Amino acid sequence: MDTPAHKAAGNDKQKLKVVAWLNSVIERLKGWTQSHCQKLFVEKELIELCYRARETFWKNNVKLEVKAPIKICGDIHGQYSDLLALLELNGWPPETKYLFLGDYVDRGPFSIEVMSLLFAYQILYPDKVSLLRGNHESRPVNMQYGFFLECRKRYSVTLYDAFQMAFYCMPLCAVISDKIICMHGGISEDLVDLKQLDKVERPCDIPDIGVIADLTWADPDHSIQMYNESFRGAGRVFGVEAVKKFLKMHNLELIVRAHQVVDDGYEFFADRQCVTIFSAPSYCGTMNNAAAVMTIDEEMVCSFTVMRPDLQKKEKENKSPGPVPT
Ligand SMILES: [Mn+2]
């Protein structure tokens, strides 16, 4: 007989099955090697992962509210082995809580693995891993910078489309403990009330102008005070005064963003009221930049763990890079 109790048990069994599957996805990705990468998954598993990630994004707001302590990571760009090194150094979810600022895919060689591992963690531990959308979680950009070709070459355009469906629903910014606002690109002159973000209709792609464009594309600019057009052709640039006015207007203390390569992996702007975090070391294999992860502790004190390209191996062996105090 199909009683409610039977139904509940049935559901639980189904839930347990999904949890076991997600754990097996994570275990396989932790044991990843380049030579075996194509044998780890059948395509339908990755598509299932994308559908479930989309569902989790959909259930949450466009503006996330998260609590410290938390670690914040910037761009990863398909550098999967560097992502594994970063998690080994800084702690694995769910014991360590993370907010990622976007740009998981394109440029680097293993965007599928980067996105799959982070999707699996986000689905399994939605309170411990949050993923914001970067300007590279977007169809026209992926057509140009590698993710489309990686999906087509290794699996299919169907898988690519499944990833896009998830990207369309990703959140655009996060506020940590009511004090720190985080996004991929930067602030927007058009964002005068954070409640505006509740009205963003998803699924959506990223337009060239407006709040969504600025949150994913904008850059700080030392040469101006307020806002100006950007050479990138999407989003705008913002100056020191713009940062100060934005924080005051929204009663916030700090802006944390990613989107630009910085030599030390992190770089301050506007009297330390805005910071850029970049987490792909030796970006594209052509740059000598370090990667950083920002830690915000229980008392809202910020520090940085830096993974220098030439010291990566040594740091991994020692497992004690030591945070750089601010
Ligand atoms: Mn970017």
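**Helix packing, burial and backbone exceptions**

Guide: Helix H2 (residues 43–59) packs against helix H4 (residues 111–124) at an angle of about 50 degrees, with the two axes 9 Å apart. The model is predicted: local features need pLDDT of at least 70 and side-chain atom pairs count only at pLDDT 80 or more, while totals for chains, interfaces and linings use all residues. Residues are numbered from 1 along each chain as its sequence is written.

Visitor: Why is H2 called oblique to H4?

Guide: Axes are lines fitted to C-alpha atoms, for helices over the stretch in contact, and angles run from 0 to 180 degrees between N-to-C directions. Under 35 degrees counts as roughly parallel, over 145 as roughly antiparallel, 65 to 115 as roughly perpendicular, and the rest as oblique. The angle of about 50 degrees therefore makes H2 oblique to H4.

Visitor: What kind of crossing does H2 make as it passes H4?

Guide: The crossing is left-handed, a term for a near helix turned anticlockwise from the far one by less than a right angle (clockwise is right-handed).

Visitor: Which residues of H2 and H4 meet?

Guide: From H2 they are Leu46, Leu49, Cys50, Arg52, Ala53 and Thr56, and from H4 Ser116, Phe119, Ala120, Gln122 and Ile123. Contact requires C-beta atoms, placed from the backbone, within 7 Å.

Visitor: What makes H6 oblique to H7?

Guide: Helix H6 (residues 147–154) and helix H7 (residues 157–167) pack at about 135 degrees, with axes 7 Å apart. That angle makes H6 oblique to H7. Phe148, Cys151 and Arg152 of H6 make the contact with Val157, Leu159, Tyr160 and Phe163 of H7.

Visitor: Which residues of H7 are buried, and what covers them?

Guide: Leu159, Tyr160, Ala162, Phe163, Gln164, Ala166 and Phe167 are the buried ones. Their cover includes H2, H4, helix H5 (139–145) and H6.

Visitor: How do you know whether His77 counts as buried or exposed?

Guide: A residue is buried with 20 or more other C-beta atoms (placed from the backbone) within 10 Å of its own, exposed with 12 or fewer, and partly exposed in between. His77 has 29 such neighbours, so His77 is buried. Arg107 has 19 and is therefore partly exposed. Glu45 has 14, so Glu45 is partly exposed as well.

Visitor: What is the phi of His77 and of Arg107?

Guide: Phi is positive in His77, about 50 degrees, although His77 is not a glycine. Arg107, also not a glycine, has a positive phi of about 70 degrees. Most residues other than glycine have a negative phi, and most peptide bonds are trans. His77 sits in the loop between strand E2 (70–73) and H3, and Arg107 in the loop between E3 and H4.

Visitor: Which peptide bonds are cis?

Guide: One joins Pro93 and Pro94, with omega about 5 degrees. Another runs from Arg202 to Pro203, with omega near 0 degrees. Pro94 lies in the loop between helix H3 (80–90) and strand E3 (98–100), and Pro203 in the loop between strand E6 (180–182) and helix H8 (211–217).

Visitor: How many helices and strands are there, and why is the protein called as compact as a globular protein of that length?

Guide: There are ten helices and 15 strands, which are DSSP runs numbered from the N terminus (helices H or I, at least four residues; strands E, at least two). The radius of gyration is 19 Å, close to the 20 Å from the globule rule for 326 residues, so the protein is as compact as a globular protein of that length. The radius is taken over C-alpha atoms, and the rule is 2.2 Å times the number of residues to the power 0.38.

Key:
Contact = placed C-beta atoms within 7 Å.
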